[in-house]
Amino acid sequence: MHVGFIGLGNVGGKLAGSLLRNGIAVSVHDLNADLTGAFEARGAGAGGDPAAMMRGCDAVITCLPSPAASDAVMREMLPEVTDGKVWMEMSTTDEAEVKRLGAEVIARGGAAVDCPVSGGCHRADTGNISIFAGCDRDTFERVLPLLTVMGRRVLHTGALGSASVLKVLTNYLATANLVSCAEALTVAKGAGMDLATAYEAIRISSGTSFVHETESQVILNGSRDISFTMDLVAKDIGLFQEVADRAGVPLELNPLLVSIFRDGIARYGPRELSPNIIRRLEEATGLDITAPGFPAEMVDDEPEAPGAEVVARR
């Protein structure tokens, strides 16, 4: 398949890089000409505008920062959707929105998949990230060879839109965990604990998690760099709240997280790195939650390996 990739940011650029690195024919487009130029220098095709991408490619992947951005791109692509074309939405987006746009693609004879990723930019860079895919089974079988190039573990989540629900659910959990790790580390420092020891105590205990083993390290380094920003956290937990509201589920914790990140954005700006939510606690206590020996950014030390479908237990 000839694949078009639109959106070469922190995540999209790494996913597109995995396709290119593994010999997939890729054409690219981004509003940032420097990003597209860098990919063209590596052998990617110049995709032109979104309409040209859909016209010239078998499948077009979008990986964009907001549902509004995806809608704007799809407005350009939809007239070029014909039988057999595939739209793969890898953005973190709204379930209702991906269903709406996907229905328009399907009505024109195309196929639509929402296939967001989870696991951090460092795993996106090596093709070892996890991918959720929402679509009919026949479409899933068509795109699985592409998904297993970009990701290590691929889960067919059900109908179109189901992957987006699960993506914002898992991002909600990651956000809750980030805030709890920030509080735990600050309490450890306030109680006089050595922070390297506290990190290891959590890591080897029932309190450990993926977020602790990654984000706590860059918190303690002081870089706080996981290539993810507060405005993106706010978007994701806002989308999770919308899913809960549509489902009629009264939440208690997520509204508090929304408030915490709203305050963080007001203090530090929307593009502040998300682990710097701990600065609220550092400023309130006067404590410095850093320690020597931790990395400035996360690097995936697993070798790149072919991906495979993960099958849910029944």
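Which helix gives the most to the lining of the second largest pocket? Keep that in mind while we look at the pocket itself. The model is predicted.

Start with the space. The second largest pocket holds about 200 Å³. Its lining is made of 13 residues. Closest to its centre are Arg123, Thr214, Met298, Val299 and Asp301.

Now see where the lining comes from. Three helices each supply at least two of its residues: α6 (121-124), α9 (195-203) and α10 (210-221). Here is the reply to the opening question. α10 gives the most, with four residues.

Next, turn to a pair of helices. α8 covers residues 162-190, and α12 covers residues 253-268. The two pack at an angle of about 65°, and their axes lie 11 Å apart.

Which residues make the contact? From α8 come Tyr172, Thr175, Ala176, Leu178 and Val179. From α12 come Leu253, Asn254, Leu257, Ile260 and Phe261. Sort these residues by class. Eight are nonpolar and two are polar. No charged residue takes part in the contact of α8 with α12.

The contact between α8 and α12 has none.

Key: Residues numbered from 1 in each chain as written. Predicted model: local features only at pLDDT ≥ 70, side-chain atom pairs only at ≥ 80, totals over all residues. Heavy atoms only, no water. 1 Å grid on protein atoms, 1.4 Å probe; cavity = no way out; pocket = protein on both sides within 12 Å on 5 of 7 lines; lining within 4 Å. Points joined across faces, edges and corners; volume = space filled by probe spheres on them. Axes fitted to C-alpha atoms, helices over the stretch in contact; angles between N-to-C directions. Contact = heavy atoms within 4.5 Å. Nonpolar A, V, L, I, M, F, W, Y, C, P; charged D, E, K, R; others polar.
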